[in-house]
Amino acid sequence: MKRLLLLICAALTAAPPSTSPFPAWEGKVTVKPAAPGAGRHSIHSYFNTNPESPDGKRLLFYSSPTRDAGNGELRIRERSTGRETVVARNITTEDAHRAACQQWISGGRGIVYHDFRAGKPMVIAYDLQSRQERILARDRLVSWGQPNGDIVPIYGQHWNPGKHRDLELLNVVTGEIRTVVTADATRAMYGRQIAERFGNKPISIFFPILSPDAQRVVFKLATATGTDFRSKQASDRETLIGYDLRHARFLFFRAKWGHPAWHPDSRRQINVPNLIVDTDDGSEQPIPELPKFPGSHPSLSPDGKLFATDTTLEAFGGTKGQWGVVVANLSGTHYRILHRFDNSHGAASWRVSHPHPIFSADGRRIYFNVSEGQWTTLYVAEVDPAKVD
């Protein structure tokens, strides 16, 4: 009897299980520059790709000493020592918004990016072991692949696509380029919807994003409207189209692109405003009881339970030009603003650099850009290690 009473007392006094919607992020979060350095911008490319290598040891970022960040280099920084290596020099970018679209590839054994050389874009791969670069595609740009694979989607110049109007997949190891979706087939499938948006203007496929399992892709359409690629008048771009690569079939059409990012299950996506999209058919499920996050670029945690996003903060008591980085649970109801900052300065690009938060592969860190001072700077928010299981 005495032993039974002791067990009951122990059960009553034990700490209750955590009911926090995001226990690792509820306590102390350290926020600091991830790649400190004077007299330069340090920019990670986008919320669809992680600047941290798959093994968590290195950071890939674009660095530029120029005011508009239009010219610069790619650097890899060892997270443990801060040692940096320049892997590409004299890069010309489209803008500071996505920099060189630099991203890890092949499990972290290489990187891929694009560069405008003499005004012409080309897709380039760099092998970390051999320290050699290879030009793999000309007159095209690279979009978002997956860091553990060898395949990246590429597309033509949206302001002047020429013969490169279709979606192609590039194997960065073999150099093979394969056309997987044509603009003509897309118009044939969604002729009425495309006519409502673009009329009978010529279209090209723009900005494809490959799913984590590399079996699906989403993209938007573009029609050329100008000749200056560093201009809002370069092209008119809109729509969101899903395509099943494995079965070679279209999945859905959405009139608005929003800001889509893949769920780890390779079927769903998160999009604005606070929506989960099923790419099987394009159906949408709102995330409940969360405020709208203006300016939002949402991305999902590796376990698919949380999302990070950026937002302007006027609706949250902030001043004009102030932004924040938010973490929220995918089931809704709870969110936390991790960091507030003035984002009205930084790179003087015609298309500004947004924070674009993205989780690390282990879910313990969130990387984002901050344009608080003269230089746009890559930051990291990291949870207290004691809070991580």
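T223 sits in strand β15, which covers residues 216-224. The model is predicted. T223 counts as buried, because its relative accessibility is 2% and the cut-off for buried is under 20%.

**Around T223**
- A polar atom of the T223 side chain lies 2.7 Å from the backbone oxygen of P202.
- P202 is also one of the residues in contact with T223, once neighbours within four places in sequence are left aside.

**Fold and dimensions**
- The protein has three helices and 28 strands.
- The C-alpha trace spans about 85 × 50 × 45 Å along the principal axes of the protein.

- Buried residues make up 54% of the 389 residues of the protein.
- T223, at 2% relative accessibility, is buried too.
- The protein has an accessible surface of about 17,100 Å².
- Carbon and sulfur atoms account for 50% of that surface.

**Contacts along the sequence**
- Take the contacts between residues at least 6 apart in sequence: 51% of them join residues at least 24 apart.

**Charges**
- The protein carries 48 positive and 39 negative charges.
- The mean position of the positive charges and that of the negative charges are 2 Å apart.

Conventions:
Residues numbered from 1 in each chain as written. Predicted model: local features only at pLDDT ≥ 70, side-chain atom pairs only at ≥ 80, totals over all residues. Heavy atoms only, no water. Helix = DSSP H or I, 4+ residues; strand = E, 2+ residues; numbered from the N terminus. Buried < 20%, exposed > 50% of the residue type's maximum accessible area, 1.4 Å probe, protein only. Polar contact = N/O pair within 3.5 Å; in protein donor to acceptor, adjacent residues only side chain to side chain. Contact = heavy atoms within 4.5 Å. Areas by Shrake-Rupley, 256 points an atom, 1.4 Å probe, with all protein chains shown as cover. Lys, Arg positive; Asp, Glu negative; His and termini not counted. Charge placed at Lys NZ, Arg CZ, Asp CG, Glu CD.
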